[in-house]
Amino acid sequence: MERLHILDGYGYIFRAYYGMAGGGNRGASLANADGLPTGALHVYASMLVRMHHDLRPERIVVVFDAPGKNFRTLLDPNYKKTRRETPEDLKKQLPYFRPLTEAFCWPVISEEGVEADDTIATVTGQARARGWDVVIYSGDKDLMQLVDERVTVVDSMRRITYDHDRVVEKFGVRPDQLGDWLSLVGDKSDNVPGMVGVGKVGATKLLNQYGDLRGILRNVDALKGKQQERFCDAGNIAQLEMAKKLVTLKTDVELSATLDSFVPAPWDTRPLEKLCEQFGFSGLVARMGAKGASGRTGASASAIVAEEKPVKKVEAIEYTPMAALVVLDKERILEEAKAAVLAGEVAVVVESDGQRHDRERLVGLGIAVP
C-alpha cells in the first residue's frame with residue numbers, strides 16, 4: 001500500500017522555536033559566527049533528521065504557507081489579527097527553513113492565495129482518491145477534519161496519533177463534523193468568533209442531535225429559550241456563516257506539483273553541508289549517516305543510512321517521531337539526560353564544544369559522549 005507523508009512546515013517551525021528548552025523566550029539562544037540566530041533552525045533540522053531516520057519515507061512532501069494574503073484574509077480582514085507578532089529572532093531565521101528542508105532532498109510546495117492547510121487538504125484528497133494512506137504531521141486541529149480510515153494526523157510533540165476514534169474522543173464529534181463544530185465554537189487562535197453563546201459542550205450536543213449546521217438550522221423551532229433566540233438572530237447567523245467559510249478547508253487548490261513528484265530526490269549532501277557550515281551545525285550531516293559522502297549522488301538517502309550497522313536488532317514497532325529539545329544550561333542538561341535514561345524511551349544527542357567538563361557525569365548516567 002502506498003503511503004504519503006505530509007509535513008506541516010510552519011507548524012514544525014513554530015514548534016521548534018517555542019519548544020527550545022521549554023519555551024522560545026527562555027530557551028537556547030544559538031547563533032552562527034555572523035550573529036544570525038540559529039536556535040529554531042537547529043531544532044527544526046534535528047526534527048527532520050529524526051524523521052529521516054525513523055520513517056525512511058518513500059513518498060513525502062513538506063508544505064509551507066506562501067507569502068502574501070490568502071482568500072481568508074480577503075474574506076475577513078480580522079482573520080488571525082489577534083496573533084502575537086513573530087519574535088524578531090525567529091523572523092531572521094524564516095528565510096532559511098525552506099532551503100534547509102530542500103537540502104534534505106525532500107519535495108517542498110507552497111501555493112499562493114491559500115494556506116498550507118488548504119494545500120494539505122487538496123494533496124490528501126488526491127492521494128485518498130488513488131487509494132493511498134496519508135499521514136499528516138501537524139498539531140493543527142483544523143487538519144483533523146481530514147481524518148478517515150486512510151488518513152491520520154500525528155501530533156509528534158504530544159506523541160498522539162489522531163484516527164477517527166481519537167478525534168471523537170477529543171472533540172466529541174466525528175472528523176467530518178469538526179468543521180461545523182469549529183464554526184459553532186470559534187477559534188481564538190485564528191480570531192474566528194463562532195456562534196454567540198455556544199460553547200464546546202453545547203456545540204457537541206447540537207451536532208450529535210442534528211448532525212450538522214444545516215440540521216440545526218432546520219430545527220430551530222425545537223431549540224429552547226436563549227438558544228433558539230440566538231439561532232433566529234440574523235447577525236448571529238451571518239457570523240456563523242462567515243466562521244464556516246473561514247474554517248472550511250479548500251480541497252481544489254491548483255497544485256504546482258503532482259503526487260508522483262512527492263518522492264525524495266537522489267541524495268546529495270553538498271547543499272546540506274553548505275548550510276550546516278553557514279549555520280555552525282557541525283554534527284548534523286554526520287547524524288544523517290552520510291558523513292564524507294558529499295560526492296555520492298544518485299543513491300537514495302535511505303540507502304546510505306541503511307549502510308550503518310544497527311545498534312541492536314529490535315522488533316518493528318509503530319513509532320511517532322519526537323521533537324528535539326535544545327538545552328544549553330549545564331545543570332539542565334544533566335537533569336534532562338537523567339530523566340531520559342530513567343524513561344528509557346528518549347534518545348539523547350550530546351554535541352560538545354570540545355571542553356566536555358561533565359563527560360564523566362554524563363557517562364555515569366549511561367549517555368554516550370563522543
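Valine 61 counts as buried, because its relative accessibility is 0% (buried means under 20% relative accessible area, exposed over 50%, partly exposed in between, with a 1.4 Å probe and protein chains only). The residue lies in strand β2, residues 60-63 (strands are DSSP runs of E with at least two residues, helices runs of H or I with at least four, both numbered from the N terminus). This is a predicted model, in which local features need pLDDT of at least 70 and side-chain atom pairs count only at pLDDT 80 or more, while totals for chains, interfaces and linings use all residues. Residues are numbered from 1 along each chain as its sequence is written, and side-chain values use heavy atoms, with hydrogens and water left out.

What does valine 61 touch, leaving aside residues up to four places away in sequence? Its contacts are Leu4, His5, Ile6, Leu7, Pro107, Ile109 and Phe262 (contact means heavy atoms within 4.5 Å). Leucine 259 is 198 residues from valine 61 along the chain. The C-alpha atoms of these two residues are separated by 9.1 Å.

Now take the chain as a whole. It holds 17 helices and 6 strands. There are 370 residues, and 45% of them are buried. Consider the contacts with a separation of 6 or more: 71% of them join residues 24 or more positions apart. The accessible surface comes to about 19500 Å² (by the Shrake-Rupley method with a 1.4 Å probe; for residues, only the protein chains shown count as cover). Carbon and sulfur atoms own 49% of that surface.

Next, the helix pairs. Start with α1 (residues 9-18) and α2 (residues 39-55). Their axes come within 8 Å and cross at roughly 120° (axes are lines fitted to C-alpha atoms, for helices over the stretch in contact, and angles run from 0 to 180 degrees between N-to-C directions). The two helices are therefore oblique to each other (angles under 35 degrees count as roughly parallel, over 145 as roughly antiparallel, 65 to 115 as roughly perpendicular and the rest as oblique). From α1, the contact takes Gly9, Tyr12, Ile13, Ala16 and Tyr17. From α2, it takes Ala40, Val43, Tyr44, Met47 and Met51. By class, that contact has 9 nonpolar residues, 1 polar and no charged (Ala, Val, Leu, Ile, Met, Phe, Trp, Tyr, Cys and Pro count as nonpolar, Asp, Glu, Lys and Arg as charged, and the others, Gly among them, as polar).

Move on to α8, residues 178-185. Its axis and that of α9 (residues 200-210) come within 9 Å and cross at roughly 140°. That angle makes α8 oblique to α9. The crossing is right-handed. On the α8 side stand Asp180, Trp181, Leu184 and Val185. They meet Lys200, Ala203, Thr204 and Leu207 of α9. The contact of α8 with α9 divides into 5 nonpolar, 1 polar and 2 charged residues.

Helix α8 also packs with α12, residues 234-247. Here the angle is about 135° and the axes are 8 Å apart. These two helices are therefore oblique to each other. Their crossing is right-handed. Gly179, Asp180, Leu182, Ser183 and Leu184 make the contact from α8. Leu240, Ala243, Lys244 and Val247 make it from α12. By class, the residues of the contact of α8 with α12 divide into 5 nonpolar, 2 polar and 2 charged.

Is aspartate 118 buried or exposed? It counts as buried, because its relative accessibility is 0%. Aspartate 118 sits in helix α6, residues 116-129. Leaving aside residues up to four places away in sequence, aspartate 118 touches Phe71, Arg72, Thr248, Leu249, Lys250 and Val253.

Finally, look at two loops. Lysine 80 belongs to the loop between α3 (71-75) and α4 (88-93). Its phi is positive, about 65°, although lysine 80 is not a glycine. With a relative accessible area of 24%, lysine 80 is partly exposed. Arginine 159 lies in the loop between β5 (151-155) and β6 (160-162). Arginine 159 is not a glycine, yet has a positive phi of about 55°. At 38% relative accessibility, arginine 159 counts as partly exposed.

Definitions and conventions
Left-handed = near helix turned anticlockwise from the far one by under 90°.
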